[in-house]
Amino acid sequence: MHESQYEAVCSELAAVAAAMPMGNGLDENNVLGPLQNRQQYDIVARLVEAARDSGARVLIGGNPDADQPGNFYPTTLVADIDNDNPLVAEEQFGPALPIIKYSTVDEAVAKANALDVGLGASVWSSDLGAAREVASRIQAGTVWINKHGAVDPRIPFGGAKQSGYGLEFGAEGLKALGVPQIING
């Protein structure tokens with residue numbers, strides 16, 4: 001987040017996260033459900049604790065209720081975190097969002113591209129043209145503009161760098177699953 005808006009955005013994101021309903025996925029009122037398994041839960045918990053231990057500021061969440069059944073890790077926002085912190089640098093696939101401060105767009109793009117992973121990214125702006133220009137510079141399999149995580153089965157989805165295991169969805173994803181056989185003669 002740009003340094004001029006950092007604290008305001010942190011506050012607004014915390015308000016959104018606090019209102020995000022989490023619970024049984026069969027209840028249509030819930031937006032977030034449990035993590036898929038205890039191993040994934042433990043990965044997220046380890047990364048959040050490492051961030052806290054490094055001096056990062058946990059704005060909301062980060063204190064799971066060990067007595068709650070299931071693998072419900074609370075929605076967690078972490079501010080004042082370095083780009084090389086494991087919560088940023090590793091794919092955690094959980095409800096923990098690191099918020100990173102930047103001074104220039106070039107710095108933000110450089111920080112995003114410095115990571116070894118690149119499954120997905122998002123660019124947020126009221127200027128769609130500028131957002132598209134920034135998105136084109138980010139090394140990720142999918143870059144969403146003014147949203148995040150929207151997957152459409154008609155559009156290919158896959159990662160860049162050390163992310164993902166190939167391509168799925170869309171015609172390109174179907175082609176990636178098939179192996180042509182050529183019989184010549």
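Biologist: Are Trp 144 and Phe 157 buried or exposed?

Modeller: This is a predicted model, and the term buried is applied to residues under 20% relative accessible area. Both Trp 144 and Phe 157 fall in that class: they are buried.

Biologist: What kind of aromatic pair do Trp 144 and Phe 157 form?

Modeller: The ring centres of Trp 144 and Phe 157 are 6.4 Å apart, with 35 degrees between the planes. Planes under 30 degrees apart count as stacked and those over 60 as edge-to-face, the rest being tilted. The pair of Trp 144 and Phe 157 is therefore tilted.

Biologist: Which parts of the chain does the pair of Trp 144 and Phe 157 tie together?

Modeller: The two partners are 13 residues apart in sequence. Trp 144 belongs to strand β6 (residues 142-145) and Phe 157 to strand β7 (residues 157-158), so the parts tied together are β6 and β7.

Biologist: Which residue lies over the face of Tyr 41?

Modeller: Tyr 41 is buried, as is Tyr 73. Over the face of the Tyr 41 ring, at 4.0 Å from its centre, lies Arg 38.

Biologist: Which backbone nitrogen does the side chain of Asn 113 reach?

Modeller: Asn 113 is part of helix α4 (residues 105-113) and has a relative accessible area of 18%, so it is buried. Its contacts include Arg 137, Ile 138 and Lys 161. At 2.7 Å, the side chain of Asn 113 reaches the backbone nitrogen of Gln 139.

Key: Residues are numbered from 1 along each chain as its sequence is written. This is a predicted model: local features need pLDDT of at least 70, side-chain atom pairs count only at pLDDT 80 or more; totals for chains, interfaces and linings use all residues. Side-chain values use heavy atoms; hydrogens and water are left out. Helices (H or I, at least four residues) and strands (E, at least two) are DSSP runs, numbered from the N terminus. Buried means under 20% relative accessible area, exposed over 50%, partly exposed in between (1.4 Å probe, protein chains only). A polar contact is a pair of N or O atoms within 3.5 Å; within protein, one must be able to donate a hydrogen and the other to accept it, and residues adjacent in sequence count only if both atoms are side-chain atoms. Contact means heavy atoms within 4.5 Å. Rings of Phe, Tyr and Trp (its six-membered ring) pair if their centres lie within 6.5 Å; planes under 30 degrees apart count as stacked, over 60 as edge-to-face and the rest as tilted. A charge sits over a ring if NZ of Lys or CZ of Arg is within 6 Å of the ring centre and within 35 degrees of the ring normal. Lists of a residue's contacts leave out its neighbours within four places in sequence.
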